[in-house]
Amino acid sequence: MRNMKKWLSLALAAIMCLSATAALAETPAYAEAPYITNLGTYGAVADRLPKEPMVEDAEYLTIGTYGGELKRSAGGGNWDAGKPIEEGLFRFTTTGEIEPNVAKGYDVSEDAKVYTIYLREGMKWSDGQPFTAEDCVWFYNAVCLNKVDSKGVRDCHKDANGNPAKVEKVDDYTFTVTFETPKYGFVEALSVDLKWHYAPKHIFEEMVQNIIDGKNDEALAIGKQICGTEFSDVGKMGKEMLYYFWNYPGIPTLNPYVLSTEEGKNSVKGEYYEFVRNPYYWKVDKAGNQLPYMDKIIYTTVSNVDQQLMLLLDGTVDYQTVGMDSIQTIIESGTKINIYEWSGAEWGDVGTQLHFNLNIEDEDHKALFNNPDFRQAMSICVNREEFAGLYSNNWQEGGQAAPQPGALGYSEEWAKKWTEYDVAKAQQLFESAGLVKGEDGFYDFADGCDFVLDIVSVADNGAADTYKILEPYFRAAGIKCTFKDSDRSNIDNDLMANAIECMLLPVTGIGEISIVLKPNSMVPGKATNVAWYGTMTKETATGDLLKLIELQEKIDVTSDAGERTKIALEMLKLHEENMWTIAYVAAAPTYHAVNARIQNFLAEGVWSDVYRDMGIAHCQCWYIAE
Amino acid sequence: MLKYIGKRLLLFIPTLIIISFVIFFIIQLPPGDYVTSYVAAMSAEGEVFTPEDIAYLREHFGLDDPWFVQYLNWIKGIVTEGDFGYSFEYGRSVWSVIMDRLYLTLAVSFIILLFQYGVSLPIGIYCANHQYSAGDYALSFIGFIGTATPNFLLAIIIMYYIYVTTGNVYLGLFSTEMLQNGMRWEYVPEFLGRCMIPLIVIGTSGTCGIIRTVRAQMLDEQARQYTLTARAKGCSEATITYKYCLRAALNPVVSGMAGSLRTIFSGSTVSAIVMNLAIQGPVLLTALKSQDMYLAGTIVLIQAVLVLLGTLLSDIALAWLDPRIRFSERG
């Protein structure tokens, strides 16, 4: 019996040894781009990758080949260059779920007050320095709490009472975010409000400390050393270097590409600039090849969209979003360009949305705009099919301001609500809303005062032409209107002064991928420059508008995800019932024109800021066909 | 003469002060400021601003001061430190933004100027010497076409023609490869090809005026008695044309060149945008649109200085050439 035990122990030990050997043999062999190998300065790829690199394993992705460059055109940095390469702690999938990205994962305490976020061990900044929890914790405590990046503490980091969270380091690869009251959906909110939650402490610590200490000259001098740019003041510098960090050379990032430091290629305001591959990028493909596949993203600066189209046609540019009117030109050119159609997040065509300021100061106008009959009448007095044909040269169809198919809250009923063309019914509704037809055939207020709808819009946006098509319908229904288009800054000033009555074309469009994730243009008081609620806040809102704000607040304190969706649907139902904004043409999809040499483009997607627009197509996985 | 120049230079100072004041006043005149246009542009990209964010931006850009305080600070910076202010749009000093494009602008404008005079002078002389001939009509017609066609339209037509015939889009003076790899000998033919478009588009716009001036002046001079005398004395037609008539005919052309200083500095604007030329004109337009007031103000101010300088140079040249002006100053 004793001998048997001995033999069993030996056998067990042997099995364990064999398993360990097998495990060692299974350590994935990573590959790197020849571009990096040829430079010969970066060492083995396995040493540059974290212990558990993120694997880009979406089904549609094929294993690519290294080399080449993605050729783009641009108008000067910022989000156009930033979103495609942005790396948040977490990111959205194409179906709207959250998945780990820079972070390896997270835990949340039962009371939803403590979130523990785990990072990837061995991950490095693009300059080769270790990326640790210290970078995340320091970013929040030094940069956000002191508003060094001009943005300060984002909503995602505030609890139900508006108090900022505490962010603390647990170990090199773990940190916690602690709230005083339960914070539900923090990770989703983080992925919308802040996204990255980190900055290279080893680069910025001294500069930021000087800013906090009020030693501005010293801070400016350090800032200049880091990125070679001389800033006028620390406020501007903080925002540019810590918020738009990808726009400046010499700032390490976790992105697949970083701005070149080479003279003549390193200014996003220049004629030409390039983002070069990050040798320490922490993602691999399914076969263990370190991403990205292409060596660079190069940008040629142009002045307008027509020039972008021209460069696309002659092959100088590989990728561009294009309008429907350009598709015919692309097809006729015979150039090998693939067109992909993505749905959008906007409600209705952005060029045909009509917003009434429900918070306007004049009481007569306010009562009228708040009356659903008036809004219904304004909606149905337009022959949508005829209008859509004229508006889009028969490219688009009539529609309404409603979520697009596939989006939360979509219903066919809503998409068609108040779309039937019926002038007689519209006139009845104008009358039931309190308007009286005057002798001149146009409606007046009940007290005999003229009612003239003053519509404004942003200049150079095509609104003047849209108005020319719309106005005859309004006139035929008995509504007298005026139109003025003006510079965007003037419109914004008027919006802030609550001086806008009705807007054609949104400054900030109504609709986003989710009313929960980004309620800014859909819930009063959440953002500036939204025409339909003007300067309305919770204090000034009444009725369903107040209910909408309260529901949004309720979401913040609701733990159950299903319950939160239910509340979101209630909020959308309020929009559907009230139709606070109307549109005459259905939302246009986003069209991507992609040179046929580019592989792995996401064929079906949703264009949304929450998804970082083109960012969700993960350009680090694109490669050039041999 | 020195007294005359000194007097003109003294007049320079109050004129500049008034001009700078008017420039600044006009630039800040539209409602809103850089922050409003910045917020609008960023909002369009999906960024969200709270009223506090906006107030914060306005404060740290120094835009919450009254405009005349901003003006005085700007002038103080220029006079005491040679600091023309800060470009909000580019995030660095105005002077560095201007210097970025200065050399290319000067080169492009200078070449265009050479082209204009190089083409117009011979044509003007030919037309005068062959008045009412088929050549006179044909060349004048081409000259008028150049002036009558809007530059940007001509640019679009030429670019379209090149695209249709070669399949290449010639936008800007440098191709992406040139910008990426730096200039190499193999790029020279393409670079010259790219230069031809702005040369033809912008150059032809000014040729007609010069052709007509030279033609008219030459015809005037040819009718003068000294020309008749020279011809009677048996001088060759070439000597009469180039040694006598042309020298006299060039006076208005040369004095007109002084006014080109401003154009040389800023270059064309609309055509430069259409052709994607990285010269000063589009920078000015962008600065005006985004209310980047110190940048716009500085460019317009420099243009004003160049106009004044050009006028001064032209006056000096006239005083030197024409004794009557000098005498009237003495008197």
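Domain bounds are taken from an automatic or database domain assignment. On this basis, chain A of the predicted model is divided into domain 1 (25-70 + 284-343 + 592-626), domain 2 (87-254) and domain 3 (350-583). The centres of domain 2 and domain 3 of chain A, taken over C-alpha atoms, are separated by 37 Å. Contact between these two domains of chain A involves 8 residues of domain 2 and 8 residues of domain 3. On the side of domain 2 of chain A that touches domain 3 of chain A, 5 residues are nonpolar, 2 are polar and 1 is charged.

The contact between the chains draws 37 residues from chain A and 36 residues from chain B. On the side of chain A that touches chain B, at least two residues each are supplied by helix 9 (234-242), strand 12 (296-301), helix 10 (305-313) and helix 18 (488-496) of chain A. Helix 18 of chain A gives the most to this side, with 5 residues. By residue class, the side of chain A that touches chain B comprises 16 polar, 12 charged and 9 nonpolar residues.

In soluble globular proteins, nonpolar side chains tend to be buried together. In the present model, the largest nonpolar core has 215 residues, and those with the most contacts inside this core are Ala377(A) and Cys381(A). When neighbours within four places in sequence are left aside, Ala377(A) is in contact with Ala426(A), Leu429(A), Phe430(A) and Ala433(A). Another core, of 26 residues, lies apart from the largest one; among its members are Tyr38(B), Leu284(B), Tyr294(B) and Ala296(B).

Terms used. Residues are numbered from 1 along each chain as its sequence is written. Chains are lettered from A and ligands numbered from 1 in the order in which they are written. This is a predicted model: local features need pLDDT of at least 70, side-chain atom pairs count only at pLDDT 80 or more; totals for chains, interfaces and linings use all residues. Two residues are in contact if their C-beta atoms, placed from the backbone, lie within 7 Å. Helices (H or I, at least four residues) and strands (E, at least two) are DSSP runs, numbered from the N terminus. Ala, Val, Leu, Ile, Met, Phe, Trp, Tyr, Cys and Pro count as nonpolar, Asp, Glu, Lys and Arg as charged, and the others, Gly among them, as polar. A nonpolar core is a set of buried Ala, Val, Leu, Ile, Met, Phe, Trp, Tyr and Cys residues joined through C-beta atoms within 7 Å. A residue is buried if 20 or more other C-beta atoms lie within 10 Å of its own, exposed if 12 or fewer, and partly exposed in between; C-beta atoms are placed from the backbone.
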